[in-house]
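Dear colleague,

Please find below the sequence and structure that I am handing over to you. My notes on what was found follow directly after.

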Amino acid sequence: MAKSSPLMSLLGGRGHDAFDPEAWSLLFSEARRAGLLARLAAILRLDEVGLPERLQKQVKASLIEAAAFQRDVLRELEHVQQALQGLGVPVLLLKGAAYVRLNLPAARGRIFSDIDIVVAKESLAQAEASLMLGGWLTGKLDPYDQRYYREWSHEVPPMTHRRRGTTIDLHHALVMPTCRIRVDSGKMIREAVPVDGSAFWWRLQDEDMVLHAASHLMFNSEFERGLRDIWDIDLLFRDFASRSASFPERLFERAREVGLGEVIREALRLARALLGTPVPENLLPGDAKMATRLVARAVYSRHRQTRPAGQWLADMLLVSREMYLRLPNHLLLTHLAHKASLGFTGTTPHKAI
């Protein structure tokens with residue numbers, strides 16, 4: 001039987017007063033496995049009662065690492081701006097880079113591997129060429145993956161800088177054009193707003209930032225960082241709701257406008273169950289759907305001592321669901337045939353949103 005999870009207990013608001021040294025060690029191991037050590041450090045204090053001295057040192061080191069990471073992200077955004085400045089079009093920041101640039105609570109301790117940006121589709125080829133001139137290059141892909149990205153996807157292949165090793169995901173939309181879920185991502189992009197009055201950097205509206213995070217969680221099947229994603233949703237919701245009492249109602253209204261009503265309901269149902277996100281009861285009627293229950297199992301602790309029974313099965317079912325959602329039948333058959341020919345190895349980071 002799996003052990004009780006100190007990490008899930010802490011995130012669920014059940015406190016840590018009763019943690020013994022073993023529980024504290026397990027907590028840090030779980031956080032490290034989930035990619036949340038720096039974010040955990042951001043909410044702990046060095047003088048916490050019961051926190052072993054050796055873990056205090058880990059907290060301090062993680063805080064230093066997180067601060068350095070944010071400085072690196074902001075510096076990298078300056079390089080991206082320099083490369084794309086000549087386009088003369090808005091460049092939209094997504095996810096972690098947006099959180100850092102806006103200094104949101106969701107940025108604290110958040111470590112991520114790439115910078116996600118969006119430009120209008122008509123500017124995509126020029127943006128890609130400009131980034132190549134700036135030193136970002138795409139890796140070698142087989143002809144099928146090239147076709148996947150160029151004809152069906154909402155982004156070009158990931159671009160990695162030849163010297164700094166930083167990666168950019170260049171999007172022209174928030175969802176794959178082939179996705180079975182009809183999402184009006186064009187509306188979300190068109191109604192984006194400037195960052196701090198900038199004519200260059202733009203970002204999604206508050207409601208759309210939460211919707212994008214929720215969509216990434218619910219349409220995804222790679223849950224190594226699933227707990228981080230649901231924590232993003234919790235932090236974004238709490239922050240925006242604290243600024244405006246009407247935010248929860250506006251969020252659900254916006255979700256209905258762009259086709260994400262069910263997605264935001266299920267994502268926030270999960271966030272409330274796991275993290276205590278203060279979502280008004282009347283906005284979450286009914287019971288959780290089967291897919292939501294699978295996601296709940298998949299985003300739980302991934303540590304070998306605390307992961308729930310059957311998590312592997314939830315992962316497998318959600319992989320199948322993701323493939324079904326992102327591709328219509330004729331393309332799904334093509335995709336499955338290609339993967340079968342490779343023995344389902346060498347998977348690429350194809351994402352539904």
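Helix 5 is followed by Asn 103, whose phi is positive, near 55°. Helices here are DSSP runs of H or I with at least four residues, strands are runs of E with at least two, and both are numbered from the N terminus. The model is predicted, so local features need a pLDDT of at least 70 and side-chain atom pairs count only at pLDDT 80 or more, whereas totals for chains, interfaces and linings use all residues. Residues are numbered from 1 along each chain as its sequence is written, and side-chain values use heavy atoms, with hydrogens and water left out.

Helix 5 spans residues 95-102 and is mostly covered, with 6 of its 8 residues buried. Buried means under 20% relative accessible area, exposed means over 50%, and partly exposed lies in between, for a 1.4 Å probe and protein chains only. The buried residues of helix 5 are Lys 95, Gly 96, Ala 97, Ala 98, Tyr 99 and Val 100. Their cover includes helix 4, strand 1, strand 2, helix 9 (206-219) and helix 10 (226-243); contact means heavy atoms within 4.5 Å.

The model has an open sheet of 7 strands in the order 3-4-5-2-1-7-6, with mixed pairing. Its edge strands are strand 3 (136-138) and strand 6 (193-194), each of which pairs on one side only. Two strands pair if DSSP finds at least two bridges between them.

Strand 1 (residues 91-94) runs parallel to strand 7 (residues 201-203), to which 3 bridges join it; the partner of Leu 93 in strand 7 is Arg 203. With strand 2 (residues 114-118), strand 1 pairs in the antiparallel sense, again over 3 bridges, and Leu 94 has Asp 116 as its bridge partner there. In a regular strand the side chains alternate between the two faces of the sheet. In strand 1, Val 91 and Leu 93 point one way and Leu 92 and Leu 94 the other way, and all are buried. Strand 6 and strand 7 run antiparallel and are joined by 2 bridges; Pro 194 has Trp 202 of strand 7 as its bridge partner.

His 161

His 161 is found in strand 4 (residues 159-161). With a relative accessible area of 3%, His 161 is buried. Its side chain reaches the backbone oxygen of Gly 134 at 3.0 Å and the backbone nitrogen of Arg 163 at 3.1 Å. A polar contact is a pair of N or O atoms within 3.5 Å; within protein, one must be able to donate a hydrogen and the other to accept it, and residues adjacent in sequence count only if both atoms are side-chain atoms. Leaving aside neighbours within four places in sequence, His 161 is in contact with Gly 134, Gly 135, Trp 136 and Thr 166.

Helix 7

In helix 7 (residues 143-152), the buried residues are Tyr 144, Asp 145, Tyr 148, Tyr 149 and Trp 152. These residues lie on the same side of helix 7, because they cover an arc of only 130° around the axis; the arc is that of the directions from the helix axis to the C-beta atoms. Pro 143 and Glu 151, on the other side of helix 7, are exposed. The buried residues pack against helix 14 (311-326) and helix 15 (329-341). At the start of helix 7, a side-chain oxygen of Asp 142 comes to within 3.1 Å of the backbone nitrogen of Tyr 144.

Helices 11 and 12

Helix 11 (residues 247-258) and helix 12 (residues 261-275) pack at an angle of about 140°, with their axes 7 Å apart. The contact is made by Leu 251, Phe 252, Ala 255 and Arg 256 of helix 11 and by Gly 261, Ile 264, Arg 265 and Leu 268 of helix 12. Axes are lines fitted to C-alpha atoms, for helices over the stretch in contact, and angles run from 0 to 180 degrees between N-to-C directions.

Leu 87

Leu 87 lies in the loop between helix 4 and strand 1. At 13% relative accessibility, Leu 87 counts as buried. Apart from neighbours within four places in sequence, Leu 87 is in contact with Gln 126, Ala 127 and Ser 130.

Yours sincerely
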